[in-house]
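Subject: the model I promised

Hi,

Have a look at it first, then read on.

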Amino acid sequence: MLRKLVEAILENLSSKEVFLFRVICGSCGSEYGNRPIRFSKAEAPPTTHSKQIIYDAIYEQEFYAAKQVAIRNAAEQMNYCPICKRLVCNQCFLICDDLDMCTQCATELEQQGNPVLPGIVEVAM
Ligand SMILES: [Zn+2]
Ligand SMILES: [Zn+2]
(Lines give C-alpha, C1' and ligand atoms only; values in the text may rest on other atoms or scores of the structure.)
(Ligands and ions follow the chains in the order given, each with its own letter.)
Protein backbone atom coordinates (compact mmCIF):
# COMPACT_ATOMS: atom_id res chain seq x y z
CA MET A 1 0.00 0.00 0.00
CA LEU A 2 2.79 2.40 0.92
CA ARG A 3 4.46 1.80 -2.42
CA LYS A 4 1.29 2.82 -4.22
CA LEU A 5 1.10 6.02 -2.18
CA VAL A 6 4.77 6.73 -2.84
CA GLU A 7 4.31 6.08 -6.54
CA ALA A 8 1.34 8.47 -6.62
CA ILE A 9 3.44 11.41 -5.42
CA LEU A 10 6.71 10.35 -7.02
CA GLU A 11 8.21 13.20 -9.04
CA ASN A 12 9.92 12.35 -12.28
CA LEU A 13 12.98 14.55 -12.76
CA SER A 14 14.49 12.39 -15.46
CA SER A 15 16.05 13.76 -18.61
CA LYS A 16 17.19 12.11 -21.82
CA GLU A 17 20.50 11.28 -20.15
CA VAL A 18 19.68 10.69 -16.49
CA PHE A 19 16.98 8.86 -14.58
CA LEU A 20 15.97 10.59 -11.37
CA PHE A 21 12.90 10.30 -9.18
CA ARG A 22 12.09 11.77 -5.81
CA VAL A 23 9.48 12.00 -3.09
CA ILE A 24 9.45 14.91 -0.67
CA CYS A 25 8.59 14.46 3.00
CA GLY A 26 5.33 16.29 3.70
CA SER A 27 6.69 17.53 7.00
CA CYS A 28 10.40 18.42 6.78
CA GLY A 29 10.86 18.57 3.01
CA SER A 30 13.68 16.04 2.86
CA GLU A 31 13.99 14.28 -0.47
CA TYR A 32 14.03 10.54 -0.96
CA GLY A 33 14.35 8.54 -4.13
CA ASN A 34 17.15 7.20 -6.25
CA ARG A 35 20.65 8.39 -6.99
CA PRO A 36 20.80 9.83 -10.49
CA ILE A 37 21.32 6.91 -12.86
CA ARG A 38 22.83 7.63 -16.25
CA PHE A 39 21.14 6.23 -19.34
CA SER A 40 23.50 3.54 -20.61
CA LYS A 41 23.34 4.91 -24.16
CA ALA A 42 23.60 8.58 -23.19
CA GLU A 43 27.12 8.90 -24.62
CA ALA A 44 26.33 7.14 -27.89
CA PRO A 45 23.50 8.75 -29.83
CA PRO A 46 21.85 6.36 -32.28
CA THR A 47 23.21 6.61 -35.83
CA THR A 48 20.40 4.86 -37.65
CA HIS A 49 16.65 4.68 -37.42
CA SER A 50 16.83 1.06 -36.29
CA LYS A 51 19.23 1.98 -33.50
CA GLN A 52 16.92 4.79 -32.49
CA ILE A 53 14.06 2.35 -32.02
CA ILE A 54 16.27 -0.03 -30.03
CA TYR A 55 17.68 2.76 -27.87
CA ASP A 56 14.19 4.07 -27.18
CA ALA A 57 13.23 0.62 -25.92
CA ILE A 58 16.35 0.43 -23.75
CA TYR A 59 15.55 3.87 -22.36
CA GLU A 60 12.06 2.70 -21.46
CA GLN A 61 13.42 -0.36 -19.64
CA GLU A 62 16.03 1.60 -17.71
CA PHE A 63 13.48 4.30 -16.90
CA TYR A 64 11.17 1.69 -15.40
CA ALA A 65 13.98 0.00 -13.45
CA ALA A 66 15.21 3.30 -11.99
CA LYS A 67 11.65 4.20 -11.01
CA GLN A 68 11.25 0.91 -9.15
CA VAL A 69 14.48 1.55 -7.23
CA ALA A 70 13.27 5.03 -6.30
CA ILE A 71 9.90 3.74 -5.13
CA ARG A 72 11.53 0.98 -3.09
CA ASN A 73 14.02 3.37 -1.46
CA ALA A 74 11.41 6.00 -0.74
CA ALA A 75 8.91 3.47 0.63
CA GLU A 76 11.52 2.39 3.19
CA GLN A 77 11.85 5.99 4.37
CA MET A 78 8.26 7.14 4.27
CA ASN A 79 5.25 6.62 6.51
CA TYR A 80 1.60 7.39 6.01
CA CYS A 81 0.14 9.62 8.70
CA PRO A 82 -3.45 8.50 9.33
CA ILE A 83 -4.38 11.91 10.75
CA CYS A 84 -3.21 14.39 8.12
CA LYS A 85 -3.00 11.79 5.31
CA ARG A 86 0.47 12.89 4.29
CA LEU A 87 3.56 10.84 3.60
CA VAL A 88 6.30 11.82 6.02
CA CYS A 89 9.82 10.47 6.50
CA ASN A 90 11.06 8.29 9.36
CA GLN A 91 12.42 11.32 11.22
CA CYS A 92 9.00 12.97 11.18
CA PHE A 93 6.96 9.95 12.17
CA LEU A 94 6.31 8.91 15.76
CA ILE A 95 5.54 5.52 17.21
CA CYS A 96 2.84 6.42 19.76
CA ASP A 97 0.89 4.34 22.28
CA ASP A 98 -2.47 4.39 20.51
CA LEU A 99 -1.84 5.44 16.95
CA ASP A 100 1.40 6.15 15.14
CA MET A 101 1.38 9.59 13.51
CA CYS A 102 3.57 12.41 12.27
CA THR A 103 5.31 14.79 14.66
CA GLN A 104 3.09 17.74 13.69
CA CYS A 105 -0.13 15.84 14.38
CA ALA A 106 1.33 14.45 17.60
CA THR A 107 2.02 17.98 18.79
CA GLU A 108 -1.47 19.15 17.89
CA LEU A 109 -3.14 16.14 19.48
CA GLU A 110 -0.79 16.17 22.49
CA GLN A 111 0.55 12.68 21.89
CA GLN A 112 3.94 11.37 22.98
CA GLY A 113 6.03 9.02 20.92
CA ASN A 114 9.44 8.08 19.61
CA PRO A 115 10.54 8.82 16.06
CA VAL A 116 11.03 5.85 13.77
CA LEU A 117 14.46 7.27 13.10
CA PRO A 118 15.74 9.70 15.73
CA GLY A 119 18.20 12.42 14.86
CA ILE A 120 19.38 13.85 11.59
CA VAL A 121 20.77 11.39 9.10
CA GLU A 122 22.45 11.93 5.78
CA VAL A 123 19.87 12.29 3.04
CA ALA A 124 19.15 8.69 2.24
CA MET A 125 19.08 8.08 -1.47
ZN1 LIG B 1 10.60 14.43 7.26
ZN1 LIG C 1 0.15 13.97 10.43
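This is a predicted model: local features need pLDDT of at least 70, side-chain atom pairs count only at pLDDT 80 or more; totals for chains, interfaces and linings use all residues.

Residues are numbered from 1 along each chain as its sequence is written, and chains are lettered from A and ligands numbered from 1 in the order in which they are written.

Back to N73. N73 is buried because 20 other C-beta atoms lie within 10 Å; the cut-offs are 20 or more for buried, 12 or fewer for exposed, partly exposed in between, with C-beta atoms placed from the backbone. Along the chain, N73 and G113 are 40 residues apart, and their C-alpha atoms are separated by 24 Å.

Now the helix packing. Helix 1 (residues 2-9) and helix 2 (residues 49-77) have axes that come within 9 Å and cross at roughly 115°. Axes are lines fitted to C-alpha atoms, for helices over the stretch in contact, with angles from 0 to 180 degrees between N-to-C directions. On the helix 1 side, L2, R3, V6 and E7 meet I71, A74 and A75 of helix 2; contact means C-beta atoms, placed from the backbone, within 7 Å. By class, that contact has five nonpolar, no polar and two charged residues (Ala, Val, Leu, Ile, Met, Phe, Trp, Tyr, Cys and Pro are nonpolar, Asp, Glu, Lys and Arg charged, and the others, Gly among them, polar).

Next, the core. The largest nonpolar core has 22 residues, and A74, M78, V88, C89, F93 and C102 touch the most other members. Such a core is a set of buried Ala, Val, Leu, Ile, Met, Phe, Trp, Tyr and Cys residues joined through C-beta atoms within 7 Å. Helix 2 gives the largest share, four residues.

M78 lies in strand 6 and counts as buried because it has 25 C-beta neighbours inside 10 Å. Leaving aside neighbours within four places in sequence, M78 is in contact with L2, V6, V23, Y32, L87, V88 and C89. V88 is 10 residues from M78 in sequence and 5.4 Å away in space, C-alpha to C-alpha. With the same exclusion, C89 contacts C25, C28, S30, Y32, Q77 and M78.

Finally, the loops. K85, between strand 6 (78-80) and strand 7 (87-89), has a positive phi of about 65° although it is not a glycine. K85 counts as exposed because it has 9 C-beta neighbours inside 10 Å. E110 is in the loop between helix 3 (103-108) and strand 10 (113-115), and its phi is positive too, about 55°, without being a glycine. E110 counts as exposed, with 6 C-beta neighbours inside 10 Å.

Cheers

Note on methods. Helices (H or I, at least four residues) and strands (E, at least two) are DSSP runs, numbered from the N terminus. Two residues are in contact if their C-beta atoms, placed from the backbone, lie within 7 Å.
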